[in-house]
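Reader: Hi! Could you walk me through this protein model in simple words?

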Amino acid sequence: VPTVAKIEEAIAKLDHVSVSGATPTDIAGQPAYTARVSPKEGGSLIGGAELSWNANNGLPLRAALYSSTSSSPVIELAASEVSYGPVAGSVFEFTPPTSAKVEEVTLPSKHPSKKAGGEHGGPSVTTHGHGITGVAVVQSKLKPGEKPTSLPEELSKVKLDATTTATELPTALGTLLSFERSGVRYVLAGAVTPADIEAVARGL
């Protein structure tokens, strides 16, 4: 278990986020502490994250992710009832149905990492901007006969220019945008507003 001094030293090295002090609270009838991590850089849709843990044994009891546009959590996972004790082995027993086909999967051996530059015809990944407001752009060539669609068709459509229409998925924590141009598929993702990601798309 790290000492308080070691923990404080590690927190001091965090350049891009700030960490609040631990606030006493109660979760599922258990005494707990909650700490919040917030980005120091503004301009994104990420408002921060909270983690709560049991004050007696350190077990996590709650995790939440916040948008910069709302004080309520966008995603929250919290215990509603807690009890401690031995767990019966039967809880982990599993018998697959007779119709199931079981296959053993062997993971490929590790290879030296390659630069994200579309080698061997694969997709290339670039970033526009930096930090939490950066936008990732994935470019990949469409194969002959491949359907030019990356996001579900029922999503909203955005006109980027006179000839290009993009499919967009805005959320409280970020935006996804996809479009095709001259046989190339573009997928953009970032923790920014639709207007910000559309501006990047129009500049490609």
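Reader: How many residues are between β9 and β10 in their hairpin?
Author: There are 5 residues between β9 and β10 in that hairpin. This is a predicted model, in which local features need pLDDT of at least 70 and side-chain atom pairs count only at pLDDT 80 or more, while totals for chains, interfaces and linings use all residues. Residues are numbered from 1 along each chain as its sequence is written, and side-chain values use heavy atoms, with hydrogens and water left out.

Reader: Which residue of β11 does Leu 169 stand opposite?
Author: That is Leu 176. β10 and β11 form a hairpin too, with 4 residues between them.

Reader: In what order do the strands of the open sheet come?
Author: The order of the 6 strands is β7-β8-β12-β11-β10-β9, and the pairing is antiparallel. β7 (124-128) and β9 (156-159) are the edge strands, each pairing on one side only. On average, neighbouring strands are turned by 25 degrees against each other, direction ignored.

Reader: Nice. What packs on the sheet?
Author: α2 does, touching β7, β8, β9, β10, β11 and β12. Touching, or contact, means heavy atoms within 4.5 Å. The direction of α2 makes about 25 degrees with that of β11; axes are lines fitted to C-alpha atoms, for helices over the stretch in contact, and angles run from 0 to 180 degrees between N-to-C directions.

Reader: Which residues have the most contacts inside the largest nonpolar core?
Author: Val 135, Leu 177, Phe 179 and Leu 188 do, in a core of 14 residues. β8, β11, β12 and α2 each give two or more residues to this core. Such a core is a set of buried Ala, Val, Leu, Ile, Met, Phe, Trp, Tyr and Cys residues joined through side-chain atoms within 4.5 Å.

Reader: New topic: where is Ser 182?
Author: Ser 182 sits in the loop between β11 and β12. Its phi is positive, about 55 degrees, although Ser 182 is not a glycine.

Reader: Is Ser 182 buried or exposed?
Author: Ser 182 is exposed because its relative accessible area is 75%. The cut-offs are under 20% for buried and over 50% for exposed, with partly exposed in between (1.4 Å probe, protein chains only).

Technical notes. Two strands pair if DSSP finds at least two bridges between them.
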